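Hi,

Here is the structure I promised to pass on.

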Amino acid sequence: AESLPLAKVRDRADKVAEVKDHPEIFSDFRAEIARRTRGFLAPEYNIRCIEAAVELPFEEGLDVERRLFTELMNGPQSAAQRYYFFAERAANKIPDIPKDTPLVDIQKCGVLGAGTMGGGIAMNFANVGIPVTIVERDETALERGLGVVRKNYERSASRGSIPPDAVEERMGLITGSTDKADFADCDMVIEAVFEDMELKKSIFGELDTICKPGAVLASNTSALDVNEIAASTSRPESVIGMHFFSPANVMKLLEVVRGDKSSDTVVATAMAIAKKINKVAALVGVCNGFVGNRMLFMRGAEAEKMLLEGATPAQIDSVLYDFGFPMGPFSMSDLAGLDIGWKEETSSGSTVREILCESGRRGQKNGRGYYTYDAETRAATPDPEVEALIKAFAVGKGVEQREVSDQEILERLLYPMINEGAKILDEGIAIRGSDIDVVWVNGYGWPVYRGGPMHWADSVGLAEIAAKINRYAQSLGGKHWEISPLLARLADEGGRLQTFSN
Ligand code: NAD
């Protein structure tokens with residue numbers, strides 16, 4: 001109204017001048033976000049746009065921005081992430097369970113076992129204000145378990161990710177006990193004791209006599225038959241698998257494992273509580289390892305075979321790291337502990353892991369695993385002793401060592417997983433292809449910018465993958481290379497795995 005000269009923001013250079021000729025602003029920022037954004041194009045392109053805004057005339061800056069934006073929008077990373085956004089939402093929809101299925105109101109949750117998983121599982125509930133009763137077999141184990149939970153909360157508070165008074169508030173919601181009878185007023189009990197079928201069956205038999213009618217009885221088993229566990233109770237309709245991932249207070253994925261007899265209410269309740277405790281759930285069926293671990297077993301088997309053929313742990317790991325995983329299978333084993341499930345008495349020197357354990361290697365925890373770890377920095381270095389052990393083991397098995405290319409490593413790690421994913425779909429273990437992607441992105445570090453294994457397979461081309469699988473089946477043999485009839489059919493028809501649904 002006053003006809004003042006209107007200054008266009010585009011013509012104002014004062015703020016920009018301050019940062020011009022300071023390339024370290026950009027390089028420092030790149031370094032700061034490098035770990036978090038590794039593999040993603042968009043964060044780097046954003047930085048380039050701002051660099052252009054600083055260094056170039058306004059119109060040219062706009063051109064750079066438009067060009068980079070268009071490239072991203074039309075590129076595979078954007079397509080994968082848009083696809084994934086809808087995949088996660090689709091995973092909540094269970095076609096045969098009506099929307100108005102009544103839910104069990106979970107006002108109190110029980111957790112059995114305060115080990116690696118139990119403590120983390122309890123935290124998920126306390127974090128959203130649901131009281132938890134956690135039961136251990138003795139006071140010592142209970143104290144140790146609750147101590148770990150407290151430390152986790154204290155660490156979060158010291159980092160500022162939860163308010164300081166939240167430590168006591170959340171610990172106050174967790175009640176420890178050594179008596180399962182304290183589960184009597186729980187609406188849901190999640191069992192997280194050792195992975196042992198006989199133990200789990202006897203525990204579920206006991207829970208059956210303690211828990212109130214209608215309570216959800218869940219097992220956190222990684223691979224065991226949920227139907228067999230359910231059969232040890234008089235109410236198999238109340239039993240379900242709730243497979244959390246380690247660390248259970250951090251990892252987003254929850255595989256909800258539907259038993260043959262799990263009721264609609266129990267399935268719907270497990271899916272709903274997953275959302276409430278901020279997990280991303282996928283409903284899967286009963287089979288060895290469910291969706292995630294079953295596919296992982298295939299990758300692990302092939303990784304071990306390639307070690308014998310001459311690839312090194314570091315080479316195999318770096319192929320997966322470069323693909324976008326946070327780490328490869330051998331770094332992961334070292335982190336988890338090589339001796340998980342290993343016993344000296346029964347060790348028979350029949351796998352690389354066993355011979356490493358037998359030679360005193362336990363992984364990161366004792367500084368020696370597939371790699372050797374620096375005591376202070378925990379940096380991993382390949383170890384010639386490990387390579388020699390593997391070589392001697394291969395010679396003993398009559399396996400000839402050779403150079404294995406990175407491309408072969410990638411195909412042999414990922415294609416058996418795709419094949420297994422297709423078998424999982426064919427058997428109805430997963431409802432839809434995209435659910436498998438939800439499992440892998442949230443539970444196993446599959447890079448979201450590659451959409452998940454089913455989306456990625458479609459983008460490589462199913463015909464190409466099927467042809468390679470058939471070729472490997474001939475040269476290598478083994479059940480996991482026998483092609484899935486569904487994969488073969490989709491490859492022939494030009495179909496897609498990501499949109500397949502049962
Ligand atoms: P863990 O050994 O760390 O903890 C098991 C706990 O159960 C121990 O503290 C033990 O004292 C307690 N326990 C054993 N028998 C008991 C009983 N009768 N009553 C009460 N407490 C008892 O094991 P974990 O790694 O936490 O695994 C627990 C379950 O979770 C297993 O079924 C495992 O397969 C599954 N799981 C583990 C992971 C993982 O990465 N660790 C991931 C997903 C699922």
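How do the residues of the shell around the ligand divide into nonpolar, polar and charged? They come out as eight nonpolar, eight polar and four charged.

Before I go on, some housekeeping. This is a predicted model, where local features need pLDDT of at least 70 and side-chain atom pairs count only at pLDDT 80 or more, while totals for chains, interfaces and linings use all residues. Residues are numbered from 1 along each chain as its sequence is written, and side-chain values use heavy atoms, with hydrogens and water left out.

Back to the ligand. There are 20 residues around it, and Met117, Glu136, Glu195, Lys200 and Ser222 come nearest (a residue is near if one of its heavy atoms lies within 4 Å).

- Glutamate 195 has a side-chain N or O atom 2.6 Å from an oxygen atom of the ligand.
- Lysine 200 puts a polar side-chain atom 2.7 Å from a ligand oxygen.
- Serine 222 also has a polar side-chain atom 2.7 Å from an oxygen of the ligand.

On its own the ligand has 820 Å² of accessible area, and the protein covers 80% of that (Shrake-Rupley method, 1.4 Å probe; for residues, only the protein chains shown count as cover). The elements giving two or more residues to the shell are α6 (116-127), α9 (197-210) and β6 (239-244). Of these, α9 gives the most, with three residues. Helices (H or I, at least four residues) and strands (E, at least two) are DSSP runs, numbered from the N terminus.

Next, the aromatics. The count is 14 aromatic pairs, taking rings of Phe, Tyr and Trp (its six-membered ring) with centres within 6.5 Å; planes under 30 degrees apart are stacked, over 60 edge-to-face and the rest tilted. Phenylalanine 323 and tryptophan 456 have ring centres 5.3 Å apart and planes at 90°, so they are edge-to-face. Phenylalanine 323 sits in helix α13 (residues 313-323) and tryptophan 456 in helix α19 (residues 453-460), so this pair ties together parts 133 residues apart in sequence. Tryptophan 456 also pairs with tyrosine 415: the centres are 6.2 Å apart and the planes at 45°, so that pair is tilted. Tyrosine 415 is in helix α17 (residues 406-426), 41 residues from tryptophan 456.

Tryptophan 456 is buried at 9% relative accessibility, and so is tyrosine 415 at 3% (buried means under 20% relative accessible area, exposed over 50%, partly exposed in between; 1.4 Å probe, protein chains only). Both belong to one aromatic cluster, whose members include Phe245, Trp440 and Trp446.

Most residues other than glycine have a negative phi, and most peptide bonds are trans. Serine 246 and proline 247 are joined by a cis peptide bond, with omega about -5°. Phenylalanine 290 has a positive phi near 55°, and this residue is buried, at 0%. Serine 3 has a positive phi of about 55° too, but serine 3 is exposed, at 71%.

Cheers

Notes: A polar contact is a pair of N or O atoms within 3.5 Å; within protein, one must be able to donate a hydrogen and the other to accept it, and residues adjacent in sequence count only if both atoms are side-chain atoms. Ala, Val, Leu, Ile, Met, Phe, Trp, Tyr, Cys and Pro count as nonpolar, Asp, Glu, Lys and Arg as charged, and the others, Gly among them, as polar.
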